[in-house]
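Here is a short report on selected contacts in one protein chain. Please look over the sequence and structure first.

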Amino acid sequence: MDRFFRISERGSTVRTEVLAGLATFATMAYILAVNPAILGSVADGTGLKLDHAALVTATALVASLMTIAMGVFANVPMALAAGLGINAFVTYALVAGRGLDWSDAMGVVVIEGVIMLVLVLAGLREAIMNAIPDVLKRSIGAGIGLFIALIGLVNAGIVQHPKDGGTIVALNGEIATWNTLVFVVGLVAIAVLVARRVPAALLLGILLATVLGIVINGIASGTPVPGAELPDGVTSTPDFGLVGDVSFNVFDVLGVGAAIAVVVAVLMANFFDAMGTALAVGRRAELVDDEGRLPMLRRILLVESAGAIAGGAASASSNTIFVESTAGAAQGARTGLANVVAGVAFLLCMFLAPVAAVIPSAATGPVLVVVGALMIGQIASIDWDDIGVALPAFATVVLMPFTYSIANGVGAGVILYVLIAVLRGRWRDVHPLLGAVAAVFVWYFSYGTV
């Protein structure tokens, strides 16, 4: 095992990888509830509403298989699951908005996954990632740090969108709650454990906050800490009814032009979300070289492209690298063994889904905030006195959390970097592929954002 995963070579241990894999899974387990909730919220034109139990099975199955595949084939701690944003686009834009049947909508996901796979095999996707300057790579990592911190705060109920107008986002008006107490205790505990370099600090913090939430729910009236409840049962029966329910009639239903537009929109979001996340996790796991490149990049992209295909084919929506993988990297994950552990945990969830549902968002939110704080440091080496560098970097960092999209931040940064460099006479600093990507992003923002 040590030789296969190169554990000692990368300065890790089996124990560290196992604990880190569990930490990654714990911060991602919410997808087993969120993905079925999104995909199961809309009926298609035939009146079909995807079955919740079948969606849980499909979500866990594809996340498990692709996470393990990434660990074994690419040997990196980058877990995969159904991508948020793309699943909402499939649900509300394609099914509810465009009138596609569920099988046709999932066909769109499979098509864009095949296109990504072809781009990887042709070497184009890897070349584009390597053409991005280091300043933007660092900005992408920092932006993802802010993004996942915001996700943690929103999921834990600390930050919300006010229903009565006013500011765009705000502190929860009912902040003095038991749920907030669990979040704060978890946040402080994790920060102290990380500062004292305690092994499994993130996982211990999650467990502490979960136990506290269960105790509070046991003694208080109602359920003041949502999710932290002991399940009525331990096991559940997997339902594979949605696996393979896919068709490719989108070109007939929407017409060739409209079909190409929606495929490209999903492709762009998936392409650059995965790229930014892979770079951020790779840097956090200390796997990048001196130029900020991932030596195992092609294998990573091959598995990630296959995740889109598998997710669509199983009706789980496109599976992509999850930003929560940074939690495992922060816990010490350096190899694919952490992925195998997380993947096995997802696999067990097909049979033990009620157990996974015990972990509340108030317990996983603090982990994302702490990891975000650790990742923001990547911008320290950026030359902030050079506006031609500072503005693209700043746009990359802030637009990810402000628009709730990694792809939007990458796109804004690339466009500004290329535009400013060309206009001030430094066009030689712009790789031709980077210029092409900027042009595609101009189209993306004009016609097809996800």
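Predicted model: local features only at pLDDT ≥ 70, side-chain atom pairs only at ≥ 80, totals over all residues.

Arg138 is partly exposed, at 22% relative accessibility. Asp134 is also partly exposed, at 30%.

## Salt bridges between loops

The structure holds eight salt bridges. Glu286 and Arg334 form one of them, at 3.7 Å from N to O. This pair links distant parts of the chain, 48 residues apart. Glu286 lies in the loop between helix 12 (256–284) and helix 13 (297–313), and Arg334 in the loop between helix 14 (325–330) and helix 15 (337–356). Glu286 is exposed at 60%, whereas Arg334 is buried at 13%.

Asp386 and Arg426 also meet in a salt bridge, at 3.8 Å. Asp386 is in the loop between helix 16 and helix 17 (387–403), Arg426 in the loop between helix 18 (406–423) and helix 19 (432–447), so the pair ties together parts 40 residues apart in sequence. Asp386 is buried at 17%; Arg426 is partly exposed at 39%. Elsewhere, shared partners join Asp134, Arg138 and Arg283 into one salt-bridge network.

## Helix 9 against helix 16

The axes of helix 9 (residues 178–195) and helix 16 (residues 361–375) come within 8 Å and cross at roughly 40°. Helix 9 is therefore oblique to helix 16. The crossing is right-handed. Residues in contact include Phe183 and Leu187 in helix 9, and Pro366 and Val370 in helix 16. The contact residues comprise nine nonpolar, three polar and no charged.

Note on methods
Residues numbered from 1 in each chain as written. Heavy atoms only, no water. Axes fitted to C-alpha atoms, helices over the stretch in contact; angles between N-to-C directions. Helix = DSSP H or I, 4+ residues; strand = E, 2+ residues; numbered from the N terminus. Parallel < 35°, antiparallel > 145°, perpendicular 65-115°, else oblique. Left-handed = near helix turned anticlockwise from the far one by under 90°. Contact = heavy atoms within 4.5 Å. Nonpolar A, V, L, I, M, F, W, Y, C, P; charged D, E, K, R; others polar. Salt bridge = Lys/Arg side-chain N within 4 Å of Asp/Glu carboxyl O. Buried < 20%, exposed > 50% of the residue type's maximum accessible area, 1.4 Å probe, protein only.
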